[in-house]
Amino acid sequence: MTAVTANNQATVRIKDLLLRAYIGIKEEEINNQQDVLINVRLTYDAADAINQNDIRSALNYRTITKQIISHVDGNRFALLERLTHEVLSIVMEHEAVSWAAVEIDKPHALRYAESVSVCLEAHRAT
């Protein structure tokens, strides 16, 4: 293979994670689970994973996804902003993650709109 100088920052995307939660402030929202659609983007230094070709050297995004599912599915949240912040915190708990953005959609939250979403991002201080 030809030697190439590359940026080893891998971007991982968890797309369209569809979960159900109690989300909102109206009585109907408090008493009935609703769909939430979660999208996560994160970056991490994948140099070891690339060079060693070993799962133990890679970021385990399956673990991150399971943590998100465990935290969100069936749980109660008043505000989409709070839910987004909590999911972002779960992602950033993993020290290998250098940057992450979380966007959560609440389908049909507004009349005439397909969905409403909140997006938050964070980066690790260097």
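A crossing of two helices is called left-handed if the near helix is turned anticlockwise from the far one by less than a right angle, and right-handed if it is turned clockwise. In this predicted model, the crossing of helix 3 and helix 4 is right-handed. The chain holds four helices and five strands, and from the N terminus on its elements follow the order β-α-β-α-α-β-α-β-β. Taken along the principal axes, the box filled by the C-alpha atoms of the chain is roughly 60 × 25 × 25 Å.

- The five strands form an open sheet with mixed pairing, in the order 3-1-2-4-5. Strand 3 (76-77) and strand 5 (115-123) stand at its edges, and because each has a single partner strand, one side of each is left without a neighbour in the sheet.
- Strand 1 (residues 9-23) pairs with strand 2 (residues 34-45) in the antiparallel sense, over 11 bridges. Within this pairing, Val-12 stands opposite Leu-42 of strand 2, and Ile-14 stands opposite Val-40 of strand 2.
- Strand 1 and strand 3 run parallel and are joined by two bridges, with Ile-23 standing opposite Phe-77 of strand 3.
- In general, the strands of a sheet pair through backbone hydrogen bonds, either parallel or antiparallel.

**Helices on the sheet**

- Helix 4 (residues 80-92) lies across strand 1, strand 2, strand 3, strand 4 (97-107) and strand 5, and runs at about 150° to strand 4.

**The contact of helix 3 with helix 4**

- Helix 3 and helix 4 pack with their axes 9 Å apart, at an angle of about 150°.
- On the side of helix 3, the contact is made by Ile-64, Gln-67, Ile-68, His-71 and Val-72, while helix 4 contributes Leu-83, Glu-86, Val-87, Ile-90 and Val-91.

**Aromatic rings**

- A search of the whole structure for aromatic pairs finds zero of them.
- A charge does sit over a ring, however: the charged end of Arg-76 is placed over the ring of Tyr-22, 4.0 Å from its centre.

Key: Residues are numbered from 1 along each chain as its sequence is written. This is a predicted model: local features need pLDDT of at least 70, side-chain atom pairs count only at pLDDT 80 or more; totals for chains, interfaces and linings use all residues. Side-chain values use heavy atoms; hydrogens and water are left out. Two strands pair if DSSP finds at least two bridges between them. Contact means heavy atoms within 4.5 Å. Axes are lines fitted to C-alpha atoms, for helices over the stretch in contact, and angles run from 0 to 180 degrees between N-to-C directions. Rings of Phe, Tyr and Trp (its six-membered ring) pair if their centres lie within 6.5 Å; planes under 30 degrees apart count as stacked, over 60 as edge-to-face and the rest as tilted. A charge sits over a ring if NZ of Lys or CZ of Arg is within 6 Å of the ring centre and within 35 degrees of the ring normal.
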